[in-house]
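Have a look at the model first.

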Amino acid sequence: VKYPKEARTEGKQGRSLVSFVIMKDGSIEDVTIAQSAGSDILDQEAIRVVKSMPKWEPGTIKGKPVNVKYNVPIQFRLKK
């Protein structure tokens with residue numbers, strides 16, 4: 001995560017809840033913000049981070065890969 005310069009300058013903090021689907025092949029699709037950090041800049045950085053993740057190991061049911069929806073919180077907090 002790279003804290004956006006503009007958000008740092010403006011003192012913006014918050015938590016973005018990012019929703020996405022791990023596909024059968026482990027790729028990440030349908031990345032959206034389920035709950036905003038209150039700042040579009042922070043939300044866009046959270047989306048960028050999730051989209052840049054390497055492939056995940058897909059979920060399975062009875063040994064067969066399946067698509068799985070995940071929600072991951074990404075916290076943006078400035079050091080004092």
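Predicted model: local features only at pLDDT ≥ 70, side-chain atom pairs only at ≥ 80, totals over all residues.

The protein has two helices and five strands, and from the N terminus on they come in the order α-β-β-α-β-β-β. With a radius of gyration of 15 Å, well over the 12 Å that the globule rule gives for 80 residues, the protein is more spread out than a compact globule.

**Overall fold**
- Along the principal axes, the C-alpha atoms fill a box of roughly 50 × 20 × 20 Å.
- Take the contacts between residues at least 6 apart in sequence: 67% of them join residues at least 24 apart.
- As for burial, 32% of the 80 residues count as buried.

**Surface and charges**
- On the charge side, you get 15 positive and 9 negative side chains, with the centres of the two sets 6 Å apart.

**Phe 76**
- Phe 76 sits in strand β5, which spans residues 68-76.
- Its relative accessibility is 1%, and buried means under 20%, so Phe 76 counts as buried.
- Setting aside neighbours within four places in sequence, Phe 76 is in contact with Val 1, Tyr 3, Gln 13, Gly 14, Ser 16, Leu 42, Glu 45 and Ala 46.
- One of those partners, Glu 45, is 31 residues from Phe 76 in sequence, with 9.8 Å between the two C-alpha atoms.

Notes. Residues numbered from 1 in each chain as written. Heavy atoms only, no water. Helix = DSSP H or I, 4+ residues; strand = E, 2+ residues; numbered from the N terminus. Buried < 20%, exposed > 50% of the residue type's maximum accessible area, 1.4 Å probe, protein only. Contact = heavy atoms within 4.5 Å. Rg over C-alpha atoms; globule rule 2.2 N^0.38 Å. Lys, Arg positive; Asp, Glu negative; His and termini not counted. Charge placed at Lys NZ, Arg CZ, Asp CG, Glu CD.
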